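Hi,

Here is the structure I promised to pass on to you. Have a look at it first, and then read my notes below.

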Amino acid sequence: MLLMPKKDWQWRYSDTYGVLSVSLGSEMEFLTPYKSKSLIPDALSELEFSVEHAKFYIDFIELLSKSLTISDAMKVQLALNGTAAHFLLKPQMPKSWFFDTSSMCVYSELGKVFQLKCRGAIAQVLVVETSIQASLVMLLSNELPLNDNKSLMQFECIKVMHDRLHPLKVSRAIAAA
């Protein structure tokens with residue numbers, strides 16, 4: 001079942017869990033993976049789930065339906081995390097040095113799924129924000145080790161230059177004359 005935004009939804013920083021959460025009414029709270037150090041100052045106090053947030057969330061669910069075959073519960077989880085990342089994470093500089101360069105030029109857009117390749121590992125990522133040269137992507141895979149000391153965990157975000165995004169699969173049409 002897809003959750004649709006309501007007037008009583010609110011962003012809150014959960015001191016109990018040390019992450020940003022979304023209060024989905026009096027009975028339910030959704031925890032994001034985003035800790036205080038990665039959030040904008042406004043996200044550390046109660047903040048309404050605005051009309052702009054609701055529109056992004058609904059549009060993002062539609063994009064996910066087109067790009068991924070996943071359960072409604074996973075769509076809601078990705079859309080809530082994606083909305084939080086898009087609006088409430090601090091701006092990041094690209095950290096492309098962790099990833100292998102792609103041999104293909106890609107067109108990055110919101111809701112599109114790509115692969116990142118790092119130290120022989122391949123992980124799927126979802127675009128949650130894009131600009132001319134770089135995209136903020138959310139990790140869909142369980143974990144991606146970046147180096148000996150640092151790993152990206154599922155649903156965490158990192159900004160990368162577009163030349164690091166690898167297409168999921170390449171299909172070639174061959175026409176015989």
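What follows is a short tour of what turned up.

First, the ground rules. This is a predicted model, so local features need pLDDT of at least 70 and side-chain atom pairs count only at pLDDT 80 or more, while totals for chains, interfaces and linings use all residues. Residues are numbered from 1 along each chain as its sequence is written, and side-chain values use heavy atoms, with hydrogens and water left out.

Let me begin with the record. The unreviewed UniProt entry annotates residues 3-90 as "domain: Cell-division protein ZapC N-terminal"; such positions are given in the numbering used here, feature names are shortened, and annotations may be inferred rather than shown by experiment. In the model, that span is 39% helix and 17% strand, and its end C-alpha atoms lie 26 Å apart. Helices (H or I, at least four residues) and strands (E, at least two) are DSSP runs, numbered from the N terminus.

Now the salt bridges. A search of the whole structure gives five of them, a salt bridge being a side-chain nitrogen of Lys or Arg within 4 Å of a carboxyl oxygen of Asp or Glu. As a general point, side chains of opposite charge can pair when their charged atoms come close.

- Glu46 and Arg12 meet through their side chains, at 3.0 Å from N to O. Glu46 lies in the loop between S3 and S4 and Arg12 in strand S1, so this pair ties together parts that are 34 residues apart in sequence. Arg12 is partly exposed, at 30% relative accessibility (buried means under 20% relative accessible area, exposed over 50%, partly exposed in between, with a 1.4 Å probe and protein chains only).
- Lys75 pairs with Asp72, with 3.7 Å between the closest N and O atoms. Both residues lie in helix H2, three residues apart, about one turn of the helix. Lys75 counts as buried at 11% relative accessibility, whereas Asp72 is partly exposed at 30%.
- Asp148 pairs with Arg119, the closest N and O atoms being 2.9 Å apart. This pair links distant parts of the chain, 29 residues apart: Asp148 is in the loop between strand S8 (143-145) and strand S9 (151-153), and Arg119 in the loop between S5 and strand S6 (121-130). Both Asp148 and Arg119 are exposed.

Most residues other than glycine have a negative phi. Phe155 also has a positive phi, of about 80°, although it is not a glycine. Phe155 sits in the loop between S9 and strand S10 (157-161) and is buried, at 10% relative accessibility.

What about disulfides, and how many are there? The count comes to zero, where a disulfide is a pair of cysteine sulfur atoms within 2.5 Å. For Cys118, the closest cysteine sulfur is in Cys157, 16 Å away, which is too far for a bond. Cys118 is buried at 1% relative accessibility, while Cys105 is exposed at 81%.

On the surface, Leu2, Met4 and Ile58 form a nonpolar patch, with about 210 Å² of accessible area together. Patches are made of residues with over 30% relative accessible area and no salt bridge, with like charges joined within 9 Å and nonpolar side chains (Val, Leu, Ile, Met, Phe, Trp, Tyr) within 5 Å; accessible areas come from the Shrake-Rupley method with a 1.4 Å probe, and for residues only the protein chains shown count as cover. Leu2 lies in the segment before strand S1 (10-14) and is partly exposed, at 31%.

Finally, two residues and their contacts, meaning heavy atoms within 4.5 Å. Ser14, in strand S1, is buried at 9% relative accessible area. Leaving aside neighbours within four places in sequence, Ser14 touches Val19, Ser21, Glu29 and Leu31. Thr101 is in the loop between helix H2 (72-88) and strand S5 (113-118) and is partly exposed at 48%. With the neighbours within four places in sequence set aside, Thr101 is in contact with Asp163, Arg164 and His166.

Best wishes
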